[in-house]
Amino acid sequence: MQTIFIKDITKSHRAISAQDGEKVFDLIVSYFEQKEKVTVDFTEIDLTITAFLNSSIGKLYSKYKPR
């Protein structure tokens, strides 16, 4: 199992950038393509907005079907 630490991507305690969300999306997809399970860790993130979530987690719904 792979863990993506959001604070390592954002270099901040905030997850507000759509560009950072794209980085998370790309990482998740790369792990999925390797048949890896992924944990997304929001530890130490104090603020997140929909721009970040839509471009990271939200985009997964257009690529994969929920189970």
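Thr10 is buried, because its relative accessible area is 10% and buried means under 20% (exposed is over 50%, partly exposed lies in between; 1.4 Å probe, protein chains only). Thr10 belongs to helix α1, residues 6-10; helices (H or I, at least four residues) and strands (E, at least two) are DSSP runs, numbered from the N terminus. The structure is a predicted model, in which local features need pLDDT of at least 70 and side-chain atom pairs count only at pLDDT 80 or more, whereas totals for chains, interfaces and linings use all residues. Residues are numbered from 1 along each chain as its sequence is written, and side-chain values use heavy atoms, with hydrogens and water left out.

A polar atom of the Thr10 side chain lies 3.0 Å from the backbone oxygen of Ser12. A polar contact is a pair of N or O atoms within 3.5 Å; within protein, one must be able to donate a hydrogen and the other to accept it, and residues adjacent in sequence count only if both atoms are side-chain atoms. Apart from its neighbours within four places in sequence, Thr10 is in contact with Ala15, Asp20, Ile45 and Phe52, where contact means heavy atoms within 4.5 Å.

Ser56 lies in helix α3, residues 50-63, and counts as buried at 1% relative accessibility. The Ser56 side chain reaches the backbone oxygen of Phe52 at 2.8 Å. When neighbours within four places in sequence are left aside, Ser56 is in contact with Gly21, Val24 and Phe25.

The axes of helix α2 (residues 18-33) and α3 come within 6 Å and cross at roughly 35°. Axes are lines fitted to C-alpha atoms, for helices over the stretch in contact, and angles run from 0 to 180 degrees between N-to-C directions. Residues making the contact include Gly21, Val24 and Phe25 of α2 and Phe52, Ser56 and Leu60 of α3. By class, the contact of α2 with α3 has 9 nonpolar, 3 polar and 4 charged residues. Ala, Val, Leu, Ile, Met, Phe, Trp, Tyr, Cys and Pro count as nonpolar, Asp, Glu, Lys and Arg as charged, and the others, Gly among them, as polar.

**Aromatic pairs**

The count comes to 2 aromatic pairs. Rings of Phe, Tyr and Trp (its six-membered ring) pair if their centres lie within 6.5 Å; planes under 30 degrees apart count as stacked, over 60 as edge-to-face and the rest as tilted.

| Pair | Ring centres | Planes | Class |
|---|---|---|---|
| Phe32 and Tyr64 | 5.2 Å apart | 85° | edge-to-face |
| Phe42 and Phe52 | 6.4 Å apart | 85° | edge-to-face |

Phe32 in helix α2 and Tyr64 in the segment after α3 are 32 residues apart. Phe32 is partly exposed, with a relative accessible area of 30%, and Tyr64 is partly exposed at 27%. In the other pair, Phe42 sits in the loop between β3 (38-41) and β4 (47-48), 10 residues from Phe52 in helix α3. Phe42 is partly exposed at 30% relative accessibility, while Phe52 is buried at 0%.

**Positive phi values**

Most residues other than glycine have a negative phi. Lys11 has a positive phi near 55°; Lys11 is found in the loop between α1 and β2 (14-15) and is exposed at 70% relative accessibility. Glu44 also has a positive phi, of about 70°. Glu44 lies in the loop between β3 and β4 and is partly exposed at 42% relative accessibility.
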